[in-house]
Amino acid sequence: MRVRTGIVAAIASSAGLPRARRRIALAVGLVTGASAASAQDIEPRAFANTPVGVNFVIGGYAFTRGSLSSDPAVPLTDAQLQTSSLVLAYAHSFEILGMSAKLDAAAPFSWLSGTGNFAGQPVERTVSGLGDARFRLSVNFLGAPALTLEEFATWQQDLILGASVQVSVPVGQYDPTRAVNLGTNRWFLRPEIGASQRFGPLTLEATAAITFFSDNSDFLRGQRRSQEPLHSFQGHAIYSFGQGIWVSVDATYFTGGRTSIDGEANDDLLRNWRLGATFSFPLSAHYSVRLYGSRGVSARTGNNFDLLGAALQYRWGGGL
């Protein structure tokens, strides 16, 4: 299993901060944990603007339970699995040709246990170790220029358009004799585009992504497993209460990702919906907390689970 990753704007500040720092609380990114399937990430404020030069270190925890695996296309049925995952992440905001940009990296450590049926036979699994690491570059190319902390104090969001590319590196625990692992033994590349429009205290966001997978050449004792691209779409309605406190209602839909083993196609096309919510609040000028949860509401395949998580973030630099 993986904990969910990616830049999520969850920075929050206290009421006594200067105006520039309070405004950062509504816009800057937070790296958190990863969901059991990369396309199932639910990520509000992914393309929020951030003053240049700000750094973030994040520690997160996520708990998942249900029918899931680290690889959504593994033919596992009647799975009842639980994972507990810790994530350590780092992010940095900077400028690219006058545009605001972020670079983030995250790596989870997870504990997994549970049972299921694989090829009609009952299986049991208990394992702990590293999951696959992720790296992402995000750039806002419209409506979110690169700004210093002082310039950010007077900036007002309207429409933001951005894009990102994320890479998953297969460094996680992997046993080719097992159907369920913490790592996937393959790379993925995910380009994504997003839009964010503010209407007073309400911000509406939408993103679309496609994930491309390399082959796993050592799947269940030397078989080659391939997977078609996976398409995902997200929507978020984010309401700001001021002083860095906000709440978001989130939804994601993903489809595609049919797999084949040694060239033989499987009947495992994904068409799944998830709903969730996110709540962010400040602890101090440099610390903020984000609480989040999500649930699968519709799944063509058995890859469906519940998730609860929390993240603590520390930020510095850029004049903070």
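Strand E19 gives the most to the nonpolar patch, with three residues. The structure is a predicted model, in which local features require pLDDT of at least 70 and side-chain atom pairs count only at pLDDT 80 or more, whereas totals for chains, interfaces and linings use all residues. Residues are numbered from 1 along each chain as its sequence is written, and side-chain values use heavy atoms, with hydrogens and water left out.

The patch lies on the surface and is formed by Val-57, Leu-88, Tyr-90, Leu-283, Tyr-287, Leu-312, Tyr-314 and Trp-316, with about 720 Å² of accessible area together. Patches consist of residues with over 30% relative accessible area and no salt bridge, nonpolar side chains (Val, Leu, Ile, Met, Phe, Trp, Tyr) being joined within 5 Å and like charges within 9 Å; a salt bridge places a side-chain nitrogen of Lys or Arg within 4 Å of a carboxyl oxygen of Asp or Glu. Areas were computed by the Shrake-Rupley method with a 1.4 Å probe, and for residues only the protein chains shown count as cover. At least two patch residues come from each of E4 and E19 (304–316). Strands (E, at least two residues) are DSSP runs numbered from the N terminus.

Tyr-90, located in strand E4, is partly exposed at 36% relative accessibility (buried means under 20%, exposed over 50%, partly exposed in between; 1.4 Å probe, protein chains only). Tyr-287 is likewise partly exposed, at 36%, and Tyr-314 at 32%.

Nine aromatic pairs are found in the whole structure. Among them, Tyr-287 and Tyr-314 form a tilted pair, 5.0 Å centre to centre with 45 degrees between the planes. Because Tyr-287 lies in strand E18 (residues 287–299) and Tyr-314 in E19, the pair ties together parts 27 residues apart in sequence. Rings of Phe, Tyr and Trp (its six-membered ring) pair if their centres lie within 6.5 Å; planes under 30 degrees apart count as stacked, over 60 as edge-to-face and the rest as tilted.

The largest nonpolar core comprises ten residues: Val-54, Phe-56, Ile-58, Val-87, Ala-89, Ala-91, Ala-106, Leu-149, Ala-311 and Leu-320. Strands E3 (55–67) and E4 (76–96) each supply at least two of its residues, and E4 provides the largest share, three residues. Apart from this core lies another, of six residues, including Leu-112, Val-127, Val-180 and Leu-182. Such cores are sets of buried Ala, Val, Leu, Ile, Met, Phe, Trp, Tyr and Cys residues joined through side-chain atoms within 4.5 Å.

Methods
Helix = DSSP H or I, 4+ residues; strand = E, 2+ residues; numbered from the N terminus.
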